[in-house]
Number of protein chains: 2
Amino acid sequence: MPAIRRADEKLRDVSRRMILDRTASLLVRQGYGTTSLRDIAQACDMKAGSLYYHFESKDALVEEILTEGVNRVESAVQKALDAMFDAAPLDRVRVAMEVHLRTLHDRSDYASAHIRCFSHVPDDMRRRLRRTRRSYDAVWAGLLEAAQAAGDIAADVDLLTLRFAIIGMLNWTLEWRLPSGAGPEEMADRFYRIAFQGACNA
Amino acid sequence: MPAIRRADEKLRDVSRRMILDRTASLLVRQGYGTTSLRDIAQACDMKAGSLYYHFESKDALVEEILTEGVNRVESAVQKALDAMFDAAPLDRVRVAMEVHLRTLHDRSDYASAHIRCFSHVPDDMRRRLRRTRRSYDAVWAGLLEAAQAAGDIAADVDLLTLRFAIIGMLNWTLEWRLPSGAGPEEMADRFYRIAFQGACNA
DNA sequence: GAAAAATTATAACAGTCGTTAGATAGAAAA
DNA sequence: TTTTCTATCTAACGACTGTTATAATTTTTC
């Protein structure tokens, strides 16, 4: 189907990836229940039945996307943190915010699809996704605990609430269009400034 | 249908309100596309066709719920602000956060349904909902401008970003279960402390 | 009580849903 | 070329969708 293709990658993998990509985009815009297999097939220049050569069901296709959504964010953040393992705790938090936000707004829609569709997906799928999330949650819990242990975060700040606040700020950006001129990194820095130094005059 | 009913309220209005309430609850849990009229009817101990006596279409029913969702939050916040019109700008912000969060987590699901379903609703409905949102956005813009004009918010803090951050923190609480023991008001206070004084040691 | 009005149920419509089995085309291997 | 495997299409299945016209029922009015 694609005109140009590296010799070492199978058509199978290319089509599979295309289906995943375009389905993710549809999921972001239309949601889980409103996106039909025929919608997906049309976006891939295919027929609905052909999708079953690559995926055993609609839910299997969706679940793979949403799972990859979390995993992409987690591995991007983890990679950035590993490259600065000896930095100051709060710097690590700031970088994690930047990478999280950048991954959310990059060209692919996997992470956005996860955020947009998570709560409306069938119960058993959501249960499995929740397990996948937990690993990423632990990354953040560790980051904030380290910063508080180092005395950089005030002792009376509840870390769970702080984590809610940070992730909420970042993920909620999907609901707005970011101010033109301010990329994800710039926005993340502004959020960092608000959450850690506060919006008030010091 | 309901066993007990005040003498001065019409059966029509009671049924209509019940349909709205229960549909809102379904929308929160299942989303727009996955909630069928037969689901709704069953939740109301009715048949799907009977819903058309009260609403001219599924979308009309949904739109009324989502619109009321914003309006409830706005009027609750506005009412609280009117009762403290001469308070310090930041106190007004803190109270707005509390009322917003409390309305989001009260027994009715209108505001939650709006937040959960907004992005997956048909395009024309979403356009109209966006107009409704604008009025509430203006309330927040005014609140923050006043606080910055009074010198309570640092001059170099971008107010649009701050608004994103605050609304994002508050609305994202729908995706977690709030820490047991901390009600909406307590959580709002913690968020206020984070956003305005910062999580760092001063 | 009967008559009128308001509210819900019934049953079907055309269309779409996820899914499947089998046919078909294309590329790779022989 | 012939054969074999890969990838997609076709056409249909039963179930479900929003919606409608009409009938039945309940509630209110007299």
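1. Leaving aside its neighbours within four places in sequence, with which residues is Glu68(B) in contact? With that exclusion, the residues that Glu68(B) touches are Arg17(B) and Tyr110(B), where contact means heavy atoms within 4.5 Å. Glu68(B) sits in helix 3 of chain B, which covers residues 58-82; helices (H or I, at least four residues) and strands (E, at least two) are DSSP runs, numbered from the N terminus. The side chain of Glu68(B) also makes a polar contact of 3.2 Å with the side chain of Arg17(B). A polar contact is a pair of N or O atoms within 3.5 Å; within protein, one must be able to donate a hydrogen and the other to accept it, and residues adjacent in sequence count only if both atoms are side-chain atoms. With a relative accessible area of 18%, Glu68(B) is buried, a class that means under 20% relative accessible area, whereas exposed means over 50% and partly exposed lies in between (1.4 Å probe, protein chains only).

2. On the basis of the note: this is a predicted model, in which local features need pLDDT of at least 70 and side-chain atom pairs count only at pLDDT 80 or more, while totals for chains, interfaces and linings use all residues. Residues are numbered from 1 along each chain as its sequence is written, chains are lettered from A and ligands numbered from 1 in the order in which they are written, and side-chain values use heavy atoms, with hydrogens and water left out.

3. On the fold of chain A: the chain has 8 helices and 0 strands, and its elements run α-α-α-α-α-α-α-α from the N terminus on. Its C-alpha atoms fill a box of roughly 60 × 40 × 30 Å along the principal axes, and buried residues make up 52% of its 202 residues. Among the contacts in chain A with a separation of 6 or more, 67% are between residues 24 or more positions apart.

4. In the model, residues 13-73 of chain A are 67% helix and 0% strand, with end C-alpha atoms 22 Å apart, and residues 36-55 of chain A are 35% helix and 0% strand, with end C-alpha atoms 14 Å apart.

5. On how the two copies are related: chain B can be laid on chain A with an RMSD of 0.0 Å by a turn of 180 degrees and a shift of 0.0 Å along the axis. That is the relation of a two-fold axis. The superposition is by least squares on the C-alpha atoms of residues with pLDDT of at least 70 in both copies. Of the residues of chain B, Gly198(B) comes closest to the rotation axis, its C-alpha lying at 1.8 Å. The copies meet through the same surface, because 98% of the interface residues of chain B are also interface residues in chain A.

6. On the extent of the interface: 50 residues of chain B are in contact with 49 residues of chain A. The area buried between chain B and chain A is about 4100 Å², of which carbon and sulfur atoms give 64%; buried area is the accessible area (1.4 Å probe) that two parts lose on being put together, summed over both. In chain B, the residues that lose the most area to chain A are His120(B), Phe164(B) and Trp172(B), together 18% of what that side buries.

7. Asp156(B) forms a salt bridge with Arg193(A), with the closest N and O atoms 2.6 Å apart. Across the interface of chain B and chain A there are also 16 residue pairs in polar contact, both residues at pLDDT 80 or more. The elements that give two or more residues to the side of chain B that touches chain A are helix 1 (11-30), helix 5 (110-117), helix 7 (159-172) and helix 8 (184-197) of chain B, and helix 7 of chain B gives the most, with 11 residues.

8. On helix 5 of chain B: this helix is largely enclosed by the rest of the structure, because 8 of its 8 residues are buried. Among the buried residues are Tyr110(B), His114(B) and Arg116(B).

Conventions
Salt bridge = Lys/Arg side-chain N within 4 Å of Asp/Glu carboxyl O.
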